[in-house]
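The following report concerns a two-chain protein model.

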Amino acid sequence: MRLKTKKEIENFIKKCNKNYTEDNKNLIFKCVQEAKELKDLDLEYKARLEYVSQLEFLGYTEKAISIFPWLLDCCDTYPKRFNYKDTLWAYKWIVNDLYEFSAISRDQIETVFNDFERRFNKYGAGQRIITYYKMSKLHRMGNPKEALLYLRASESISEKGPLDNCEACMVNGTLNVLFDMKLYAEVLEKAKPILDKKISCLYVPGITYPKIVFTYMMLGKTALAEKYYQLTIKNSETEDLSHKIILYLSANHRFSECFSIVEEKLNSRHESWDDVSKCYFYQSCHLFFREMHRSGKESISIDLSLFSKKMMYRIINRANTELKNYQDGLQILLIIMQKS
Amino acid sequence: MKNTPFLVNLSGIIKILSDHLYSQKEVFIRELLQNAIDAINARKKTETFEPLITIEYFNNSDGAGFIISDNGIGLTARQVEEFLAKIGSSSKLDDSMRNDFIGQFGIGILSCFMVSDDIVLITRPSEEDQAIKWTGNIDGTYVIETITYDLTIGTKVILKLRDKINLNSNGIVSSIKKYGQYLHIPINIEINSISKGTINRSFPWEENLDGDQCLALGQEVFDEGFTNYILLKDKKTNRNQGVLYLSPQASYLTDRKEGYLYVKRIFVTTASNDILPKWAVFVRAIINSENISLNASRESIYPNEISEQLKKNVEDSIKEYFYQLSKSAPSTLKRIIQTHSFPLKQMALTDESFLVFIAKWFEFDTTYGQLNLNEIRELNETIFYVTNSDEFKQIIPIAIANKKLVVNAGYTFDKGIIKKISVIDKTRDYVEIAANYFGDFLGNIDVDDHQKYEPIINDLQLHLDKYHCKIKLRGYEPESIPAIYHASIDSLIAEDIKNIQKDQNDLWKSISESVFDPQEQYNSHLYLNLKNKVVSSLLKKSGSLNDLIIKTLYVNAKLLGHYPLNNIELIAMNDNFNDLIQLALISDNNETKD
């Protein structure tokens with residue numbers, strides 16, 4: 001594919017819109033390089049904005065975080081020259097990404113969030129979306145109680161703003177707060193329009209189903225939990241939900257189904273997982289091995305032929321340094337890995 | 001509880017249907033032609049006669065209009081009342097008759113309201129001796145009268161065009177031709193009482209045309225000179241016929257597909273997405289289908305199993321043609337595949353057996369030039385390939401010098417094709433050269449040399465640390481190349497992020513550095529060639545010029561690999577250049593003194 005002229009690059013950027021693939025991501029990076037060669041800042045801006053989207057939706061959030069400030073800088077240096085609204089839209093992804101990395105301090109998150117809030121206010125984004133992101137921040141930083149207050153405040157604001165998420169995403173985003181506050185009936189009530197498909201988007205209801213699975217599990221309604229588990233499996237292509245699937249299967253002692261997922265995931269790419277994804281994954285592995293051990297299974301053989309040695313050392317290293325809370329499950333995992 | 005009927009604003013509904021159902025005003029010609037054909041076909045079932053349709057266009061002091069007449073079966077008073085006065089009623093809705101007729105929804109007559117405020121229809125059925133005149137108005141009212149002055153068997157529709165409707169005579173003739181030329185019923189055309197001839201032709205596949213005639217017809221329709229065509233085969237139902245022309249121009253997946261779809265011989269659409277598979281961008285089609293379903297406007301296909309089957313017929317016909325060509329005219333097939341490699345590669349990825357057949361004809365860029373897969377397989381037991389075109393460009397000189405064949409699988413679909421073939425073809429090993437292992441491709445040096453030169457390499461490395469480039473020692477052909485620079489796409493990304501980090505405020509810089517450390521994760525490499533004289537001299541001992549030499553080799557290797565230089569490297573290049581000139585001048589002065 002030729003990506004040399006401005007027109008070729010612009011056409012390709014348009015083609016990539018919401019079409020997230022590894023190939024597109026790499027080619028868009030090439031567009032960035034070509035735009036730099038052409039010394040065309042407007043083109044470079046468009047290419048970088050698309051590149052950040054590709055990185056974000058393909059899970060390379062560490063790179064998205066690193067490149068995003070360039071977009072902000074452009075908009076600040078040349079006000080009104082670039083599409084500021086699109087940059088602010090991307091800012092929402094970046095703000096959410098920050099919570100996923102243990103190396104980013106709370107102070108840093110707070111400072112970025114203040115900048116985010118200031119910009120959204122100045123743009124006229126409206127209080128609904130700002131309050132929603134405050135709720136999200138509090139919840140992600142381990143304060144569901146206060147997050148609930150902001151959830152209620154966000155619900156009371158009816159006026160919509162130009163940077164609001166789609167309705168399906170807004171509702172979906174509140175479910176975790178309600179779940180963590182054990183308001184299970186309200187989770188189901190709130191999720192009803194999503195489950196009835198009255199509101200939906202590219203990711204919702206796919207990412208809503210696992211939340212419903214665990215809500216029904218907490219309510220002891222296993223048949224309904226299973227129904228939504230099946231839907232989770234069906235819709236798991238849009239997002240990696242493996243840790244949730246492993247948790248559910250382990251809790252239900254469906255070890256053989258769970259084993260194949262654990263094995264596959266151990267052999268696949270972990271490089272770009274953020275800390276929270278890694279943590280969730282190991283946590284779910286911990287539960288899997290613990291439950292299997294409790295039910296009398298002493299040993300298990302795992303095919304790790306595609307699992308790189310480098311990765312194994314990394315996992316062992318992480319197990320020793322970062323993930324002390326999950327030591328017992330990991331010990332079993334590591335023993336098995338070392339034996340293999 | 002009492003059921004209350006809806007109240008419908010009839011005039012509003014008529015306007016909405018007529019204005020929004022159809023995309024073009026001329027479509028009323030097709031709708032009236034359709035009714036005429038259906039009436040003629042119905043009469044044919046009861047008696048033998050010479051069918052004829054006449055379309056007259058007039059433009060005089062009273063205004064402009066159309067008279068469209070047929071000598072079909074006509075309508076009785078009861079049928080006029082039933083079918084013309086009730087929107088949605090059609091004489092063709094009866095299941096037993098449905099397949100014989102083109103129209104089925106009973107709303108086609110509404111299209112006339114796009115151009116006229118009144119529709120006058122005079123009809124006389126063959127079994128009655130009086131005619132009916134029905135006058136429908138756009139306000140939703142109509143009048144029916146019995147008349148005795150126009151007693152020809154058949155139907156005549158008279159439309160007086162609104163003042164704003166401008167149609168020219170050439171446009172009218174071409175619209176009539178477009179919709180009605182293949183109906184197999186003669187259509188007389190008169191413009192202001194002057195005959196413009198009769199149109200009545202057969203589809204290309206019905207005329208026993210020889211190859212050249214069929215190609216000439218393709219050129220007439222598509223204004224493109226063809227050299228190959230395929231007759232559409234529908235072995236399953238035999239209800240789809242057509243001819244598929246292969247464009248002689250290279251096609252890309254973004255190109256527009258072209259085609260003319262006729263349903264029951266009347267033109268429906270050029271929207272070829274409905275009839276051609278996604279990859280068939282190089283096909284120009286003329287197709288007549290007897291069983292495909294249309295939507296209410298009859299301007300596009302109703303997607304269902306039948307439309308999918310039609311696409312399958314197109315796909316199968318093309319494949320069968322290619323199979324035949326491979327035996328009868330392989331050079332022609334080779335040319336077609338070369339011209340349309342993009343879409344054919346896309347098709348092959350969805351059909352393994354076709355991939356096995358066609359893959360050997362696909363050509364790839366290799367370090368030995370353009371080769372097809374068969375040639376590549378004959379040359380090597382192990383087939384190396386690179387999935388990034390830029391990296392392939394860097395590999396070319398080294399691979400050639402080291403007599404290694406490497407395939408460029410960096411173009412769209414090539415990676416997929418090679419990967420699929422690697423699963424199917426068990427007789428060869430297909431090995432992807434990953435960017436990180438680029439250096440392995442270059443000749444290794446022996447352990448003694450490695451140990452011997454390690455201290456000086458470490459010393460040289462200090463000069464390149466600020467460029468985040470690692471020196472590796474190799475020995476490779478050609479000897480004339482002192483150093484090769486290599487940066488994988490990951491290295492380029494890392495460098496890009498590094499540059500962004502440098503210009504950021506402290507907050508973003510520290511956040512970025514805590515989640516992504518380019519220096520730790522990626523490095524570019526400078527592969528020094530021990531076989532090169534400059535390099536072997538450089539490695540003999542540490543000296544004051546080592547900094548200058550290694551930086552010069554570095555910048556030179558980067559430029560040779562078409563990598564952009566950043567500001568620090570540009571400054572280094574300039575400094576090196578000055579130093580070299582100064583050294584040359586000093587040396588020259590010393591020689592003069594001597």
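## Basis and conventions

A contact is counted when heavy atoms lie within 4.5 Å. The model is predicted: local features need pLDDT of at least 70, side-chain atom pairs count only at pLDDT 80 or more, and totals for chains, interfaces and linings use all residues. Residues are numbered from 1 along each chain as its sequence is written, chains are lettered from A and ligands numbered from 1 in the order in which they are written, and side-chain values use heavy atoms, with hydrogens and water left out.

## The two chains

Helices (H or I, at least four residues) and strands (E, at least two) are DSSP runs, numbered from the N terminus. Chain A has 17 helices and 0 strands, whereas chain B has 20 helices and 21 strands. In chain B, 67% of the contacts between residues at least 6 apart in sequence join residues at least 24 apart; for chain A the corresponding share is 65%.

A residue is buried under 20% relative accessible area, exposed over 50% and partly exposed in between (1.4 Å probe, protein chains only). Of the 340 residues in chain A, 51% are buried; of the 594 residues in chain B, 47% are. Accessible areas come from the Shrake-Rupley method with a 1.4 Å probe, and for residues only the protein chains shown count as cover. Chain A exposes about 16500 Å², with 51% supplied by carbon and sulfur atoms. For chain B the accessible surface is about 29400 Å², and 50% belongs to these atoms.

## The interface

Chain A contributes 29 residues to the contact and chain B contributes 23. Buried area is the accessible area (1.4 Å probe) that two parts lose on being put together, summed over both. Between the chains it amounts to about 2200 Å², of which carbon and sulfur atoms give 65%. Phe29(A), Lys63(A) and Ser66(A) supply 23% of the area that chain A buries against chain B, more than any other three residues.

A salt bridge places a side-chain nitrogen of Lys or Arg within 4 Å of a carboxyl oxygen of Asp or Glu. There are 2 salt bridges between the chains. In one between Lys36(A) and Asp496(B), the closest N and O atoms are 3.1 Å apart. On the side of chain A that touches chain B, α2 (22-37), α3 (41-57), α4 (61-77), α5 (84-98) and α6 (106-123) each supply at least two residues. The most come from α4(A), with 10 residues.

## Charged pairs within the chains

Over all chains, the structure holds 40 salt bridges. In chain A, Lys137(A) pairs with Glu110(A), with closest N and O atoms 2.9 Å apart. This pair links helix α7 (residues 127-140) to helix α6 of chain A across 27 residues. Lys137(A) is buried, at 11% relative accessible area, while Glu110(A) is partly exposed at 31%.

In chain B, Arg265(B) and Glu206(B) meet in a salt bridge (2.9 Å, N to O). Arg265(B) lies in the loop between β11 (258-263) and β12 (266-269) and Glu206(B) in the loop between β8 (194-199) and α6 (211-222) of chain B, so the pair ties together parts that are 59 residues apart in sequence. Arg265(B) counts as buried at 13% relative accessibility, and Glu206(B) as partly exposed at 31%. Lys36(A), Glu44(A), Arg48(A) and Asp496(B) are joined into one network by salt bridges that share partners.
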